Amino acid sequence: MRNRSAAWVAAAALVSIAPFAAYAQGQPGALPEGEAKPLVEGLCVSCHRTNLITASLGYTRDGWKELIGTMIDRPPTPTCRTS
Amino acid sequence: MQDKLTGYLAANFPPNTRRAPKLVSGPIQITWKEWVNPQLGQRSRDPVEAQDGSIWWVGQFGNLMGRLDPKSGEMKEYQLPPNAMPHTVEIDPKGNAWFTGNKNGSVGYLDPKTGKTIVYKMPDPNAKDPHTLVFDKQGIAWFTLQNSNMIGRLNPENGDIKLVTLNTPGSKPYGIKIDAEGNPWFSCNGRPCLYKVDAATMALTEIKLPLQGTTVRRLDIAEDGKIWYVNSGMGRLGMHDPKTGETKEWPSPSGPRSHPYAIVVVDGIVWYNESGMRPDPLVRFDPKTETFQSWAIPSGNIYAGIIRHMRATRDGTLLIHQSSTNRIMQVTVHKRAAAR
């Protein structure tokens with residue numbers, strides 16, 4: 001099981017290394033281009049499909065922040081909450 | 001980094017109404033109570049009440065099972081054997097918490113007194129995905145295996161497991177319940193059918209449902225013996241009466257794409273959810289008046305769905321969950337004020 005406490009760190013590392021072959025490739029629900037697209041692919045799509053994002057209810061910035069907070073610890077100081 | 005990420009998501013995926021439900025107002029009042037489970041990203045699901053009043057759940061993605069004391073709010077999570085990826089939890093007559101190992105072909109239980117886990121591997125390599133499990137009054141565990149197209153029977157006294165494969169490929173046995181005579185019924189998530197199982201012989205009797213395109217996630221059995229089911233594929237609620245052979249369906253309020261999913265019957269009232277909608281509505285149906293009422297299920301300050309299984313407590317509250325946001329929830333239905 002992926003340790004989601006370190007997910008932000010892992011995502012940052014992935015993004016900085018190279019444009020990686022995303023898990024999302026070929027999946028329904030393509031992500032639009034944007035500066036943070038690799039971040040979404042590295043952080044979100046490493047655990048679930050893109051269609052959970054593209055087919056979602058959609059949220060404000062605060063709403064996305066709250067939703068992400070139910071999945072992983074957030075920076076600036078990630079702490080381990082996984083068992 | 002967080003600002004960049006949430007900024008991208010909010011800009012490209014702002015609030016929308018693409019899958020907005022049709023919520024139906026009505027006279028019934030309910031209240032929600034929620035508990036946020038400790039391990040993040042676990043996808044909590046299938047809360048169920050134990051004999052001692054505790055509530056158990058599984059975190060399918062977190063490979064764990066949890067116990068909640070609803071009075072104190074204290075929660076404890078138990079890691080399960082590798083790759084179990086539990087699909088559900090059910091409590092046996094002794095108070096053990098049983099789980100289905102959906103990814104490692106097992107069924108097992110945790111003894112809350114000792115914390116020890118006992119695991120039974122499936123005796124057939126084709127039996128890969130134990131799914132939903134229920135106990136009959138004799139303490140026998142009955143379970144479905146959706147993609148293996150099987151049903152199973154496990155005797156906890158000796159660990160003996162019997163499996164039966166359905167004759168029609170792709171039937172996808174899904175929800176399962178026990179009727180008053182002790183015979184299991186299960187629903188098909190692959191085609192239009194329900195099945196009755198002879199508890200003594202495991203012989204299967206198919207009930208064909210009327211509409212092509214029907215797929216049924218879950219079912220429940222009312223006190224009068226009627227089988228209530230969700231027609232997930234067509235966005236309808238259905239009822240089959242084994243005594244008369246009658247089958248009847250009603251369009252769910254949010255329409256053909258509403259994908260009804262979980263269902264439970266409490267005091268003659270049918271409760272289910274429309275998982276294809278955002279927000280995910282909790283729907284109440286009164287068979288006497290054939291009327292609906294529905295509510296959007298909150299998930300903290302957002303709506304993120306969905307319910308995949310729901311059951312009632314002994315005092316008639318509903319136990320639901322929102323797997324996307326690690327919440328298990330209790331719904332209390334308030335009695336209507338007496339007419340003046």
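Biologist: Let's start with strand S13 of chain B. Which residue there is the bridge partner of B:Asn155?

Modeller: Strands of a sheet pair through backbone hydrogen bonds, either parallel or antiparallel. Keep in mind that this is a predicted model. Here B:Asn155 has B:Asp160 as its bridge partner in S13(B). The strands involved are S12 (residues 150-155) and S13 (residues 160-165) of chain B, paired in the antiparallel sense over six bridges.

Biologist: How many residues sit between the strands of that hairpin, and which one takes a positive phi?

Modeller: Four residues lie between S12(B) and S13(B), and B:Gly159 takes the positive phi, near 80°.

Biologist: Which residue other than glycine has a positive phi?

Modeller: Look at B:Arg43, where phi is near 60°. You'll find B:Arg43 in the loop between strand S1 (29-36) and strand S2 (44-49) of chain B.

Biologist: While we're on backbone geometry, where is there a cis peptide bond?

Modeller: Go to the bond from B:Arg278 to B:Pro279, which is cis, with omega near 0°. B:Pro279 belongs to the loop between strand S23 (269-274) and strand S24 (281-286) of chain B.

Biologist: Now whole sheets. What is the strand order in the open sheet that contains S7 of chain B?

Modeller: The order is S6-S7-S8-S9 (chain B), four strands with antiparallel pairing. Strand S6 (86-91) and strand S9 (117-121) of chain B each have a single partner strand, so one side of each is left without a neighbour in the sheet. From one strand to the next, the twist averages 20°.

Biologist: And how many bridges join S7 to S8 in chain B?

Modeller: Five, between S7 (residues 97-101) and S8 (residues 106-110) of chain B, which run antiparallel. To trace one yourself, take B:Gly101, whose bridge partner in S8(B) is B:Ser106.

Biologist: What order do the strands take in the open sheet with S18 of chain B?

Modeller: That one reads S18-S19-S20-S21 (chain B), an open sheet of four strands, again with antiparallel pairing. Strand S18 (219-221) and strand S21 (247-251) of chain B stand at its edges; each has a single partner strand, so one side of each has no neighbour in the sheet. The twist averages 20° between one strand and the next.

Biologist: Which residues can I use to walk across from S19 to S21?

Modeller: Begin at B:Ile227, which stands opposite B:His240 in S20(B). S19 (residues 227-231) and S20 (residues 236-240) of chain B run antiparallel and are joined by five bridges. Then step from B:His240 to B:Thr247, its bridge partner in S21(B). S20(B) and S21(B) are also antiparallel, with five bridges joining them. Their hairpin has six residues between the strands, and B:Gly245 in it takes a positive phi near 85°.

Biologist: How should I read salt bridges, and how many are there over all chains?

Modeller: Side chains of opposite charge can pair when their charged atoms come close. The count over all chains comes to 14 salt bridges. One of the pairs is B:Lys94 with B:Glu157, at 3.7 Å, N to O. This pair links distant parts of the chain, 63 residues apart: B:Lys94 is in the loop between S6 and S7 of chain B, and B:Glu157 is in the loop between S12 and S13 of chain B.

Biologist: How many salt bridges are there between chain A and chain B?

Modeller: One. The side chains of B:Lys4 and A:Glu35 meet there at 3.4 Å, N to O.

Biologist: What area is buried between the two chains?

Modeller: The size of an interface is often given as the accessible area lost when the parts come together. Chain A and chain B bury about 3,500 Å² between them, with carbon and sulfur atoms giving 63% of that. On the chain A side, A:Leu57, A:Arg61 and A:Thr70 lose the most area to chain B, together 19% of what that side buries. As for residues, 42 of chain A are in contact with 38 of chain B.

Biologist: At what angle do H4 of chain A and H1 of chain B pack?

Modeller: About 115°, with the axes of H4 (residues 61-69) of chain A and H1 (residues 2-12) of chain B 8 Å apart. H4(A) passes H1(B) in a right-handed crossing. H4(A) contributes A:Arg61, A:Trp64, A:Lys65 and A:Ile68 to the contact, while the residues from H1(B) include B:Leu5, B:Thr6 and B:Leu9. By type, the contact residues divide into five nonpolar, three polar and three charged.

Notes:
Residues are numbered from 1 along each chain as its sequence is written. Chains are lettered from A and ligands numbered from 1 in the order in which they are written. This is a predicted model: local features need pLDDT of at least 70, side-chain atom pairs count only at pLDDT 80 or more; totals for chains, interfaces and linings use all residues. Side-chain values use heavy atoms; hydrogens and water are left out. Two strands pair if DSSP finds at least two bridges between them. Helices (H or I, at least four residues) and strands (E, at least two) are DSSP runs, numbered from the N terminus. Axes are lines fitted to C-alpha atoms, for helices over the stretch in contact, and angles run from 0 to 180 degrees between N-to-C directions. A crossing is left-handed if the near helix is turned anticlockwise from the far one by less than a right angle, and right-handed if clockwise. Contact means heavy atoms within 4.5 Å. Ala, Val, Leu, Ile, Met, Phe, Trp, Tyr, Cys and Pro count as nonpolar, Asp, Glu, Lys and Arg as charged, and the others, Gly among them, as polar. Buried area is the accessible area (1.4 Å probe) that two parts lose on being put together, summed over both. A salt bridge is a side-chain nitrogen of Lys or Arg within 4 Å of a carboxyl oxygen of Asp or Glu.
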